Amino acid sequence: MNTKSISKTKISLKKMASSADVACKLMKVLSNKDRMLLLCEISQGERCVYELEEILEIYQPTLSQQLTVLRENKLVKTRREGRQIYYTLSSEIAAAVMELLAKHFCKV
């Protein structure tokens, strides 16, 4: 093996390690049942806090804590309308993961 191919391998490993870190971070966020339920519901369309509370039966302060984690990890974004805060998915990767999970685990 020549030196040129070794340096390409090292670069690829660094990129893979970085990507693995990002993937692990996402999986850690998704590994919480309440956050998974929230993302599952939000992936169906924009939802306000009241709707999420009513549909999922996740109440304060848990709801606020888990929505904060999703927001801080840039998986959801918010918009305010009057006193209501609405949530939508903001991550294409999270949307794809939720679609895959729904396909395999949300069969009715």
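In this predicted model, Cys48 stands opposite Tyr86 in strand β3. Cys48 belongs to strand β1, which covers residues 47–48, and β3 covers residues 84–89. The two strands pair in the antiparallel sense, over 2 bridges. Strands of a sheet pair through backbone hydrogen bonds, and the pairing may be parallel or antiparallel.

Strand β3 also pairs with strand β2, residues 76–81. Here 6 bridges join the strands, and the two run antiparallel. Strands β2 and β3 form a hairpin with 2 residues between them. In this hairpin Gly82 takes a positive phi near 65 degrees.

Taken together, 3 strands make an open sheet, and their order is β1-β3-β2, with antiparallel pairing. Which strands lie at the edges? They are β1 and β2, each of which pairs on one side only.

The next topic is the packing of helices. Two packed helices are described by the angle between their axes and by the distance between those axes. Helix α2 spans residues 33–42 and helix α3 spans residues 49–56. They pack at an angle of about 115 degrees, and their axes are 11 Å apart. The crossing of α2 and α3 is right-handed. On the α2 side, the residues that meet α3 are Leu37, Leu38, Glu41 and Ile42. Their partners in α3 are Leu52, Ile55 and Leu56. Sorted by class, this contact of α2 with α3 has 6 nonpolar residues, 1 charged residue and no polar ones.

Most residues other than glycine have a negative phi, and most peptide bonds are trans. The loop between α3 and α4 also holds Glu57. Phi of Glu57 is positive, near 55 degrees, although Glu57 is not a glycine. The peptide bond that joins Gln60 and Pro61 is cis, with omega at about 0 degrees.

Last comes the empty space in the model. Rolling a probe the size of a water molecule over the atoms shows where such space is left. The largest pocket has a volume of about 250 Å³. Which helices each supply at least two residues of its lining? They are α1, residues 3–30, and α5, residues 92–105. Helix α1 gives the most to the lining, with 5 residues. Val22, Ala23, Lys25, Leu26 and Val29 are among the lining residues, as are Asn73, Lys74 and Leu75. Ser91, Ile93 and Ala94 also line the pocket. By class, the lining has 7 nonpolar, 2 polar and 2 charged residues.

Notes
Residues numbered from 1 in each chain as written. Predicted model: local features only at pLDDT ≥ 70, side-chain atom pairs only at ≥ 80, totals over all residues. Heavy atoms only, no water. Axes fitted to C-alpha atoms, helices over the stretch in contact; angles between N-to-C directions. Helix = DSSP H or I, 4+ residues; strand = E, 2+ residues; numbered from the N terminus. Left-handed = near helix turned anticlockwise from the far one by under 90°. Contact = heavy atoms within 4.5 Å. Nonpolar A, V, L, I, M, F, W, Y, C, P; charged D, E, K, R; others polar. Pairing = 2+ DSSP bridges. 1 Å grid on protein atoms, 1.4 Å probe; cavity = no way out; pocket = protein on both sides within 12 Å on 5 of 7 lines; lining within 4 Å. Points joined across faces, edges and corners; volume = space filled by probe spheres on them.
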